[in-house]
Amino acid sequence: MNKRAALWMAAAWAVPALALAGCGGSTGSGAAPSPASSSSTASSSGSAGGSDSMGYGAGGSSSGSASSSSSGGAAQTSETLKTATIGGQTIVVDGQGKVVYYYTRDNTGATTSACTGGCATLWPAVTSTGSPNLQGVTAKVGSIKTADGKDQVTLNGMPIYYYQKDTAPEQANGQGVASVWYVIGADGTMITSALK
């Protein structure tokens with residue numbers, strides 16, 4: 001093989017490797033499936049009621065995009081938390097209207113999230129580089145550190161999350177998933193009733 005052909009082949013192999021490296025995550029291809037992706041295979045991917053033993057809910061595959069507009073990127077700024085009326089309830093959403101949730105397996109005042117691994121893929125942490133801007137939210141705001149060192153927002157001492165299956169503003173597909181994921185009232189109370 002001549003030198004030019006050898007260089008071309010090296011470049012051809014380098015491009016996919018760089019593209020994969022730029023994906024930024026270790027979950028997904030090639031790894032053993034997470035508990036969420038293992039159990040969700042048997043459940044209907046469109047059902048918000050399906051769950052596994054960890055309460056991840058249906059559709060835990062890490063092949064989809066788990067990041068939200070405010071949960072990643074170096075240019076992240078302070079998050080905005082405001083309220084919206086959805087399903088007859090006034091609940092907390094982010095600045096783009098994306099619904100946020102509590103996980104009942106978290107403990108008030110804990111310094112780490114109980115949602116890790118496959119759970120964190122399906123339920124990404126709401127993060128902020130500084131104290132969130134509040135609009136109508138009266139809950140006490142704080143933060144804890146995520147596994148990758150970001151500041152996850154807490155309300156009344158409980159970490160808050162997005163649901164990967166909420167793909168548009170004011171969707172609350174995660175409400176009541178596995179009886180452990182619930183939307184949040186303006187004062188930080190957990191709303192467990194069904195949304196209309």
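Is D148 buried or exposed? Select D148 and look: D148 is exposed, with a relative accessible area of 57%. Buried means under 20% relative accessible area, exposed over 50%, and partly exposed in between, with a 1.4 Å probe and protein chains only.

Before going on, note that this is a predicted model, in which local features need pLDDT of at least 70, side-chain atom pairs count only at pLDDT 80 or more, and totals for chains, interfaces and linings use all residues. Residues are numbered from 1 along each chain as its sequence is written, and side-chain values use heavy atoms, with hydrogens and water left out.

**Stop 1: the salt bridges**

The term stands for a side-chain nitrogen of Lys or Arg within 4 Å of a carboxyl oxygen of Asp or Glu. K150 is partly exposed, at 30% relative accessibility.

Now select K145 and D151. They also form a salt bridge, and here the closest N and O atoms are 2.8 Å apart. K145 is partly exposed at 49%, and D151 is partly exposed at 25%. A search of the whole structure finds 2 salt bridges.

**Stop 2: the sheet**

Strands (E, at least two residues) and helices (H or I, at least four) are DSSP runs, numbered from the N terminus. Two strands pair if DSSP finds at least two bridges between them. The three strands make an open sheet in the order 5-6-7, with antiparallel pairing. Strand 5 (141–145) and strand 7 (158–159) stand at the edges with a single partner strand each, so one side of each has no neighbour in the sheet.

Strand 5 and strand 6 pair over 5 bridges, and I144 stands opposite Q152 in strand 6. These two strands form a hairpin with 5 residues between them; in the turn, select G149, which has a positive phi of about 85 degrees. Strand 6 (residues 151–155) is joined to strand 7 by 2 bridges, where L155 has M158 as its bridge partner.

**Stop 3: D166**

Move to the loop between strand 7 and strand 8 (181–184) and select D166. D166 is buried yet has no salt bridge; K98, the nearest side chain of opposite charge, is 6.9 Å away. For charge, Lys and Arg count as positive and Asp and Glu as negative, while His and the chain ends are not counted.

What does the side chain of D166 make a polar contact with? The partner is the side chain of Y101, at 2.6 Å. A polar contact is a pair of N or O atoms within 3.5 Å; within protein, one must be able to donate a hydrogen and the other to accept it, and residues adjacent in sequence count only if both atoms are side-chain atoms. The backbone nitrogen of N173 lies 2.8 Å from a polar atom of the D166 side chain.

**Stop 4: the aromatic rings**

Rings of Phe, Tyr and Trp (its six-membered ring) pair if their centres lie within 6.5 Å; planes under 30 degrees apart count as stacked, over 60 as edge-to-face and the rest as tilted. The count comes to 7 aromatic pairs. Select Y103 and W181: their ring centres are 4.2 Å apart and their planes at 10 degrees, so the pair is stacked. Y103 lies in strand 3 (residues 101–103) and W181 in strand 8, so the pair ties together parts 78 residues apart in sequence. Y103 is buried at 1%, and W181 is buried at 0%.

Next select W123 and Y163, a stacked pair with 4.1 Å centre to centre and 20 degrees between the planes. Both residues are buried. To finish, select Y101, Y103, W123, Y161, Y163 and W181, which form one aromatic cluster.
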